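I opened the model to look up its fold and its packing.

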Amino acid sequence: MSKIYNYSAFYVSEPFSESSLGAHASKDFCYYNLLKAWKGSDNSFPFNNAHDTTYNVRDNSDWELTLKPRLHTRLRNSRNIILFLSQNTSNSKALREEIEYGINTLNLPVIVVYPDLKTTKDIRNSTNSNFSTTVINLWNNLPVFRDSKSKVPVLHIPMDKEIIKRALNNVDFRVNSGKTPDDYYYNS
């Protein structure tokens with residue numbers, strides 16, 4: 001595969017329909033749309049949407065026959081996962097499947113974007129290099145991520161266009177990069 005695709009994982013209420021107002025009103029879905037807008041206005045922005053590698057699904061599609069296989073195909077076409085993890089994130093069936101299959105089957109590195117955090121300093125505890133309580137609490141919104149993240153390299157970043165651009169250009173957070181599975185963050 002010559003193009004590097006990024007799989008975006010985000011929470012929307014189920015059933016999901018991209019054409020419904022409900023999906024567009026979901027904050028995590030709006031963050032995903034922001035990535036697409038940045039790419040649309042600047043072709044050099046390094047986001048290549050894996051969701052575009054298969055055709056769209058309908059909210060009345062069968063989970064086992066259509067939805068789940070489509071997610072798996074998109075993930076297999078990807079070199080990493082961009083996970084939006086916010087106060088709004090909920091442990092949905094689709095999000096659990098995306099993380100479970102992406103990390104535990106495909107060993108895809110994860111770039112976690114925290115939309116509620118604005119700087120790299122918000123990621124860490126101010127007194128040491130551990131993660132902030134806010135970040136740790138957000139992991140609990142998605143237990144499959146919390147419990148599986150030690151298997152792959154995971155980069156934790158705030159919602160900042162330049163930091164996201166830097167992360168997407170970072171070859172260490174692509175599948176088969178050789179980067180040691182662990183938690184990482186930028187100091188600035």
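**Ground rules.** I am working with a predicted model, where local features need pLDDT of at least 70, side-chain atom pairs count only at pLDDT 80 or more, and totals for chains, interfaces and linings use all residues. Residues are numbered from 1 along each chain as its sequence is written, and side-chain values use heavy atoms, with hydrogens and water left out.

**Fold.** I looked up the secondary structure and found 7 helices and 5 strands in the protein chain. These are DSSP runs numbered from the N terminus: helices are H or I with at least four residues, strands are E with at least two. Along the sequence I read β-α-α-α-β-α-β-α-α-β-α-β.

**Burial and surface.** The protein chain has 188 residues, and 48% of them are buried (under 20% relative accessible area, 1.4 Å probe, protein chains only).

**Contacts.** I took contacts between residues at least 6 apart in sequence; 71% of them join residues at least 24 apart (contact means heavy atoms within 4.5 Å).

**Cores.** A nonpolar core is a set of buried Ala, Val, Leu, Ile, Met, Phe, Trp, Tyr and Cys residues joined through side-chain atoms within 4.5 Å. The largest holds 30 residues, and Leu83, Leu85, Ile99, Val110, Tyr114 and Phe145 touch the most other members. Elements giving at least two residues each include β1 (6-9), β2 (80-84) and α4 (93-105). α4 gives the most, 4 residues. I also logged a second, separate core of 21 residues, with Tyr31, Leu155, Phe173 and Tyr186 among them.

Key
Buried < 20%, exposed > 50% of the residue type's maximum accessible area, 1.4 Å probe, protein only.
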